[in-house]
Amino acid sequence: MSTIHAGIHTGVSTAARLPLAARSEHLVGSVIDSSTSLLAEQTHDIVRLAMGSPAQDAIPAAALSAVPLETHAYDYAATEGDPVLREALLAQLAGTSDETTPDRLMITSGGMQGLDLAHKLFTDPGDLVVVEAPTYTNGSATALSYSADLLEIPVDEDGLDVDRLEAEVRRIGRRPKSIYAIPTFQNPSGATLALERRVRLIELAREWGSMLIDDDPYGLLRFSGDPLPTLHELADGDPLVYSVRTFSKTVAPGLRVGWVDADPSLRQLLVNAKQAMDTCTNLPAQRQVAGFIASGGFDAHVADQRIVYKERKEAMRAALTEHFGGEATWTDPDGGFFLWVTFDAPIDTTALFEVALAEGVAVIPGNAFSPGGLFPHSMRLCFASTPPARIAAGVARLRTAVDRLAAG
Ligand code: PMP
């Protein structure tokens, strides 16, 4: 399979005659992650609105490196997670919508490993997996890597359209093995699943016996509106709900520390699967996160980030109004990292990528978020990692890029 997205190569060369497994055909690669490598090669100034990284100017590097790491912190850790982090995390979650118990908690190498473990346990080749349209590229790629058939269901301003989901599943007459949902400040749309839809989604999963993969990395980063209960809380211990969480957005993605909250009956399978994958999650990083939580630094940091992100979102919306008012629409999320922009005219955002990069701004084309290529005229912009003045400069460069593309 060879795929080229405007200079971002995610395809593989099959020239070598090696005895590849059939499933290697389904390793589609991530336009988002590949853009990191592509951007690293560029020597000109680029406003980076592409990656979903937290505020680069606010990574708590000093606090993390101040956590003392004795020699034994460089040893192997328990597969289910270092007891020091497990204890700090359980205390941190107590009283929140993600409160949990030790028998449900498993520390993972980022949220991605939680997604991979879910599909390793539940997805056989040809199983039907529901994904949101648009959805998080790497999440759908994980399902595809286990040779799933994907069913894309639209997201509107209230999140996944559960009525459409129900109608489509009835129409095709196939029971989904799992439903992959990002209920809060969705990546890439920023949409939040309304309360009644959350409840209905759990009902549908129960009716169909489908696993509900509840991926919620951004929920704590709310800067307006009232918090909603997580799918985890609403499901009240239903074994069908499998929740994936990460510190990548609230602390730092390079740490690669996250967790899974799953039915205790899955515990040993999860441990066995992780042992066959990476043995344990990086122990120094687990200790750094634990120390950061225990010091109170985590809560303070998240509170600060909410203020920063609100300001950045508003700066991005203002810049979009200035440069694209009347020509495009964009979302207005209550939290998280992303705005989803859709042009009124049929502007090919895949072609725009390269022109924009040359102009000094990086964005992710809409079709990166849809295995079926449903969003050729949309794009995702991350407001989180860039200060307001740079955001304004980046959107101005995007305007130039759109004009250049139109001029041919
Ligand atoms: N799920 C979603 C919706 C995400 O946006 C991300 C990160 N971009 C992840 C999962 C993966 O998180 P991590 O970097 O911790 O693997």
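Between which two helices does the loop with T279 lie? T279 lies in the loop between helix 9 (267–275) and helix 10 (283–294), where helices (H or I, at least four residues) and strands (E, at least two) are DSSP runs numbered from the N terminus. This is a predicted model, in which local features need pLDDT of at least 70 and side-chain atom pairs count only at pLDDT 80 or more, while totals for chains, interfaces and linings use all residues. Residues are numbered from 1 along each chain as its sequence is written.

**Backbone**

- Most residues other than glycine have a negative phi, and most peptide bonds are trans.
- T279 has a positive phi, near 70°, although T279 is not a glycine, and T279 counts as exposed because it has 11 C-beta neighbours inside 10 Å (buried means 20 or more other C-beta atoms within 10 Å of its own, exposed 12 or fewer, and partly exposed in between, with C-beta atoms placed from the backbone).
- R256, in the loop between strand 10 (241–246) and strand 11 (258–261), likewise has a positive phi, near 60°, but R256 counts as buried because it has 20 C-beta neighbours inside 10 Å.
- A cis peptide bond with omega of about 5° joins A133 and P134, and P134 lies in the loop between strand 5 (128–133) and helix 5 (137–145).
- Another cis peptide bond, with omega of about 15°, joins N187 and P188, and P188 belongs to the loop between strand 8 (178–181) and helix 7 (195–208).

**Ligand surroundings**

- The ligand is surrounded by 14 residues, of which G110, G111, M112, T246 and S248 are the closest; a residue is near a molecule or strand if its C-beta atom, placed from the backbone, lies within 6 Å of it.
- Helix 4 (residues 110–122) gives the largest share of this shell, 3 residues.
- The shell is made up of 5 nonpolar, 8 polar and 1 charged residues, where Ala, Val, Leu, Ile, Met, Phe, Trp, Tyr, Cys and Pro count as nonpolar, Asp, Glu, Lys and Arg as charged, and the others, Gly among them, as polar.

**A helix pair**

- Helix 6 (residues 162–172) packs with helix 7 at an angle of about 20°, their axes being 10 Å apart; axes are lines fitted to C-alpha atoms, for helices over the stretch in contact, and angles run from 0 to 180 degrees between N-to-C directions.
- Helix 6 is therefore roughly parallel to helix 7, since angles under 35 degrees count as roughly parallel, over 145 as roughly antiparallel, 65 to 115 as roughly perpendicular and the rest as oblique.
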